[in-house]
Amino acid sequence: MSVTAETTSTHTRPGAERSSYRLSRRDFAIGTAIAVAMAVFFAIMSSGLSLIVTFVPGVAAAWLVFAVIYLRGIALRTTEKLVPLFFIALVIQFLHFAEEFNTGFASQFPVLYGGDPYSAGFFVAFNMVSYAVFTLSALLVFYRGAGFLLMPVLFYVMYGAIGNAITHTWWVANAGQYFPGFYTAQLYWIAGPLLLYRLLDSRRNTVAAIVVLAAVLVSTVTFFMAT
């Protein structure tokens with residue numbers, strides 16, 4: 001009886017007594033539709049190519065991780081190590097937003113890619129709504145079994161955390177001077193990979209995902225930079 005109960009808890013939607021589950025075919029289908037909608041939305045909202053060269057590759061990377069989790073049947077575990085770490089990473093994002101807002105990121109970033117500066121109102125609203133979506137998605141995924149909402153969570157992990165660390169570091173290295181958001185983005189070199197590892201439960205897959213994402217992002221943000 002105990003063995004049967006344990007097996008069920010790893011393969012079914014989590015209720016009060018369950019601690020993990022695997023993505024279903026329905027989760028993967030709806031999550032894929034969400035990924036497409038996110039990519040289209042970011043492309044439409046982009047000033048110049050700014051979000052197209054950053055957020056859209058982030059969506060693609062998040063979907064690839066989503067596909068790996070689904071195809072390999074990796075269990076999503078609601079543990080004391082995973083969920084608190086996600087919200088610690090989100091705390092870093094609030095600090096990162098504060099640095100960006102106070103150092104002119106909203107005006108400098110889009111200009112790099114042929115766009116007009118984002119207004120302060122748009123920048124604040126866009127980020128606050130995004131953080132609300134990430135928070136609600138994480139709660140629904142890990143405590144209510146809404147596996148398809150893992151896509152927004154993974155986007156935050158892959159671009160909001162790891163992607164921010166990569167791009168901000170590269171912008172500073174490329175220009176040889178400070179770029180808005182650089183300091184707080186460095187915290188993501190620790191939080192981002194650790195969070196991804198907790199999700200994938202594989203060092204090799206975690207390193208591979210980060211290397212591929214770094215190669216793509218460095219290529220897009222460099223090649224499409226306005227001269």
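How do the residues of the lining of the largest cavity divide into nonpolar, polar and charged?

Reply: The model is a predicted one, and the account below should be read with that in mind. The lining of the largest cavity is made up of 14 nonpolar residues, seven polar residues and one charged residue.

The cavity itself comes first. When the whole structure is searched, one cavity of 30 Å³ or more is found. The space in this largest cavity amounts to about 320 Å³. Its lining comprises 22 residues, and those closest to the centre are Phe-55, Gln-93, Phe-126, Asn-127 and Tyr-159. Four helices each contribute at least two lining residues: helix 4 (82–103), helix 5 (105–112), helix 6 (120–144) and helix 7 (150–175). Among the contributors, helix 6 gives the most, with seven residues.

Helix 6 also takes part in an open site. The second largest pocket holds about 210 Å³ of space. Its lining consists of Ile-34, Met-38, Phe-41, Phe-42, Phe-126, Val-129, Ser-130, Val-133, Phe-134, Pro-152 and Phe-155. Two or more of these residues come from each of helix 2 (25–45), helix 6 and helix 7. Helix 6 provides the largest share of this lining, five residues. By class, ten of the lining residues are nonpolar and one is polar, while none is charged. Phe-126 belongs to this pocket lining and is also listed among the residues closest to the centre of the largest cavity.

Val-129, another residue of the second largest pocket, is located in helix 6. Val-129 has a relative accessibility of 52% and therefore counts as exposed, the cut-off being over 50%. Between Val-129 and Gly-160 there are 31 residues in sequence and 14 Å in space, taken from C-alpha to C-alpha.

The buried residues of helix 3 are Phe-55, Pro-57, Gly-58, Val-59, Ala-61, Ala-62, Val-65, Phe-66, Ala-67 and Ile-69. The elements that cover them include helix 2, strand 2 (76–77), helix 6, helix 7, helix 9 and helix 10. Just after helix 3, Gly-73 has a positive phi of about 60°.

Ile-52 is partly exposed, with a relative accessible area of 33%. Leaving aside residues up to four places away in sequence, Ile-52 touches Ala-43, Ser-46 and Pro-57. Ile-52 and Phe-105 are separated by 53 residues in sequence and by 17 Å in space, C-alpha to C-alpha.

Helix 9 (residues 188–200) is the remaining element to consider. Its 13 residues should span 18 Å at 1.5 Å a residue, and its end C-alpha atoms lie 17 Å apart, which agrees. In helix 9 the buried residues are Tyr-188, Ala-191, Gly-192, Leu-195, Leu-196, Leu-199 and Leu-200. Viewed down the axis of helix 9, these buried residues fall within an arc of 150°, so they line one face of the helix. They pack against helix 3, helix 4, helix 6, helix 7, helix 8 (182–185) and helix 10.

The loop between helix 9 and helix 10 contains Asp-201. Asp-201 has a phi near 55°, a positive value in a residue other than glycine. With a relative accessibility of 51%, Asp-201 counts as exposed.

Terms used: Residues numbered from 1 in each chain as written. Predicted model: local features only at pLDDT ≥ 70, side-chain atom pairs only at ≥ 80, totals over all residues. Heavy atoms only, no water. 1 Å grid on protein atoms, 1.4 Å probe; cavity = no way out; pocket = protein on both sides within 12 Å on 5 of 7 lines; lining within 4 Å. Points joined across faces, edges and corners; volume = space filled by probe spheres on them. Nonpolar A, V, L, I, M, F, W, Y, C, P; charged D, E, K, R; others polar. Expected span 1.5 Å × (residues − 1). Buried < 20%, exposed > 50% of the residue type's maximum accessible area, 1.4 Å probe, protein only. Arc of directions from axis to C-beta. Contact = heavy atoms within 4.5 Å.
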